[in-house]
Each structure stands twice: as C-alpha cells, then as structure tokens.
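Below are my notes on the model you sent.

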Amino acid sequence: MPRKERAMRIGELMTKNLETIEAGESVRVAALRMRTCNIGSLPVLEKGQLVGMLTDRDIAVRSAALGQDPNTTPVREVMTSTVITCDANATLETAEQAMEEKMVRRLVVVDGDRRPIGLLSLDDLATVPEEVLHAGEVLERLQQA
C-alpha cells in the first residue's frame, strides 16, 4: 500500500522576513518602506497586535486620490481593517480556499496571539509545482470578480 504524502504547510512556504508598520505612522513612511523593501503591502500593528493591512493600492485610491497629505495622514486612516489571516500549520489547500472565498491575493500568517509571523501570497503558491494549477485557477476567479 503506497504511503500518502504529507500535505505542505503554510509555514513551510510563507515569507518569514515580514515588514510591518505601526498604525500611527504616516502614509509617507509606509510608502517609503514599501519602496525600500520592494513590496506592495504591509501588515499594520497597534501595540503589537494586527489591526489591518496597507497596500500600495490603499495608498493610491484611499489617500492620494483624495489629496490627503502623506506626511500627516496616519496609516490607520488608509488601511484595510479587515485582514484575512491563517495559521502556519494549516495546509496550502486551506490557504487557497481562504484566498478564493475572501477574494484576496495574500494572507497574513499569525501566531496564537494574533501577531504576524509571515505572509503567504498567491505568487508563493504558484512556486510549488503541484500547486501551480490551483493557484492559476484561484487567480482566474479573483480576476473575474
């Protein structure tokens, strides 16, 4: 009888070098951090707890388009407060399902105290040979919405 392979876990694939931003920091500080780190999103923390997600799109659509001053506008006014999270021990299949159901391209991986410890993106899923087809299907459904 063939041995069943163990399902890959989110913690094995997630980006572990996670950049974050405090909710009270200015949008400009966040944008500079995104530029310096060449990333498009930052989990937002307040007193060590995850309270939101800030994306480059949030900055463009919720702040710049409204003429807000990036030097004085705090991240908390621009961030998306609903953050989809997952546990590092969950399977990649669980991550795919969450991304598809919630219509998001990335999940913040949190510990038991809801502190972010990593980030899993749809692009990360596409790097796993057996997940490439699934990631493409999820992306296609996200683009249709």
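1. Helices α2 and α3 cross in a left-handed sense. This is read from a predicted model. The axes of α2 (residues 27-37) and α3 (residues 56-63) come within 10 Å and cross at roughly 145°. On the α2 side, the residues that meet α3 are Val-27, Ala-31 and Met-34, and their partners in α3 are Asp-56, Ile-59 and Ser-63. By type, the residues of this contact are four nonpolar, one polar and one charged.

2. Which residues of α4 are buried? In this helix, residues 92-102, they are Leu-92, Ala-95, Glu-96, Ala-98 and Met-99. These residues lie on the same side of α4 because they cover an arc of only 165° around the axis. After the helix comes Met-103, with a positive phi near 60°.

3. The largest nonpolar core has 17 residues, and those touching the most other members are Ile-10, Leu-92, Leu-107, Val-109, Leu-120 and Leu-125. Two or more residues each come from α1 (10-13), α4, β5 (106-110) and α5 (122-125). Helix α4 gives the largest share, four residues. There is also a second, separate core of twelve residues, which includes Ala-30, Met-34, Val-78 and Met-79.

4. Apart from neighbours within four places in sequence, Ser-121 is in contact with Met-99, Arg-105 and Arg-106.

5. For the chain as a whole, the model has six helices and six strands. Along the sequence they follow the pattern α-β-α-β-β-α-β-α-β-β-α-α. Of the 145 residues in the protein chain, 39% are buried. Among contacts between residues at least 6 apart in sequence, 56% join residues at least 24 apart.

Terms used. Residues numbered from 1 in each chain as written. Predicted model: local features only at pLDDT ≥ 70, side-chain atom pairs only at ≥ 80, totals over all residues. Heavy atoms only, no water. Buried < 20%, exposed > 50% of the residue type's maximum accessible area, 1.4 Å probe, protein only. Arc of directions from axis to C-beta. Core = buried A, V, L, I, M, F, W, Y, C linked by side-chain atoms within 4.5 Å. Contact = heavy atoms within 4.5 Å. Axes fitted to C-alpha atoms, helices over the stretch in contact; angles between N-to-C directions. Left-handed = near helix turned anticlockwise from the far one by under 90°. Nonpolar A, V, L, I, M, F, W, Y, C, P; charged D, E, K, R; others polar.
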